[in-house]
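Okay, everyone, thanks for coming. Let me put the structure up, and then I'll walk you through a sheet and a few rings.

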Amino acid sequence: MDTQHEPKNESPSEASHDIDFVTLGMFIIDEIEYLPPTPPVKDILGGAGTYSALGARLFSPPPLSSSVGWIIDKGSDFPAELEELICAWETSVLIRPTPDRLTTRGWNGYDEHQHRAFRYTTPKRRLTAEDLTPALLASRSFHLICSPTRCRELVIEIRTRRSGLSGSDGANLPKPIFIWEPVPDLCTPDELLNCTNTLPLIDIISPNHSELAGFMGDSGLDPTTGEISTKAVERACEQLLGSMPLQSFAIVVRAAEKGCYLARNGGRKRKVRGSTGTTGTTSNRQEPQQRKKPSALLHGGLQPDTDMEALFAGLLQDPEGTIAREEIEVDPGVERWIPAYHADDASKVVDPTGGGNTFLGGLAVALARGKSLEEAAAWGCVAASFAIEQVGTPVLGKNWDGRETWNGICVDERFEEFKTRLAFS
């Protein structure tokens, strides 16, 4: 853990350690007010940054815990017990003392329908790409929670600042994974165009069911039951994907007790056949001659005398004239619901605050470690299950054989059980 007054601004171009996940979500100290007779609680770890870091940390026992990066601006009122709790997670958190201000704080209130109201009670400090140290900039994934316009700015800034960095192995940094969580206030039909303009720059957009419906001018609820409408979620995803058929982003909709819905366009691509030449003998290797294209392709349209057989043969052949049908790789896309972990036992859900952010931390770190979208979503569901079992964050501990536990449960054991339930291999 780093504690300092300002972001690191040294000149080294190499990241000091490997980071799998970084969030630009804020750290907030929460006060939560419930309906009587439940008493309010104060000085609770909160904020999108905290919970998304928790989601990644749940699947990162030490020493892997250092692969989780986040930033805390520590005001003059920062409780010592919260700092001790954060230190116990052993992440690569960057704590920046700011004694001239109060820590960002927020008030949360719930009504009889468990709808949350929120407001800041102290001034907030928004994070930017300039706050990221070289180590954090080298992360394999980034969680952004912001407006569409702000998301585009952050992605461009992060990519620009990463251009001069290399990984711990000295190689160029791979393309990072960007997970975008839209802010609720700007999930409106007026922002839909801004949203679609942002999608080509990111890998995952993850609104909740209400935010997705807001973009479409809908409520997202079943008019008869008042519950979350899975059909409305599927329809909105189909419309959003259909509007941008050539883009490779995925939609992950967080839908509370319904779980999450995954949607991604499929596609086709031709596999690249490698050269048969031997390294070091390029002067003796003959390059294949470029095959002449059918006339219809050269002139841009069909003519009355177009040889259709020759035309389609040209589309299916590689430069050497071999039929290429077997060289086409088909991605069927994804359309799948993943249930909430506690879907069959709602009594386990004590406080839903932060569940969605925790889900995204688990999802992002799984993708950063090469997992499929479906398995990454399962990581997210398991991560969220720990976040909602109590007020605040789950309790970190160890079992009888020294393995890490959260709320007395080993994360990997819960995940294996969930995988069996989902019939994952």
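Strand β3 (residues 28-33) and strand β7 (residues 105-110) run parallel and pair over five bridges. Strands here are DSSP E runs of at least two residues, helices are H or I runs of at least four, both numbered from the N terminus, and two strands pair if DSSP finds at least two bridges between them. On these strands, E33 stands opposite G109 in β7.

Quick caveat: this is a predicted model, where local features need pLDDT of at least 70, side-chain atom pairs count only at pLDDT 80 or more, and totals for chains, interfaces and linings use all residues. Residues are numbered from 1 along each chain as its sequence is written, and side-chain values use heavy atoms, with hydrogens and water left out.

Back to the sheet. It's open, with four strands in the order β4-β3-β7-β8 and mixed pairing. At the edges sit β4 (41-46) and β8 (116-120), each pairing on one side only.

Now, the rings. Searching the whole structure gives 10 aromatic pairs; Phe, Tyr and Trp rings (six-membered ring for Trp) pair with centres within 6.5 Å, and planes under 30 degrees apart are stacked, over 60 edge-to-face, the rest tilted. One of them is F59 with F415, edge-to-face, 6.0 Å centre to centre and 90° between the planes. F59 is in the loop between α1 (48-58) and β5 (68-75) and F415 is in helix α12 (residues 411-422), so this pair ties together parts 356 residues apart in sequence. And which residues do ring pairs link into a cluster? F59, W379 and F415.
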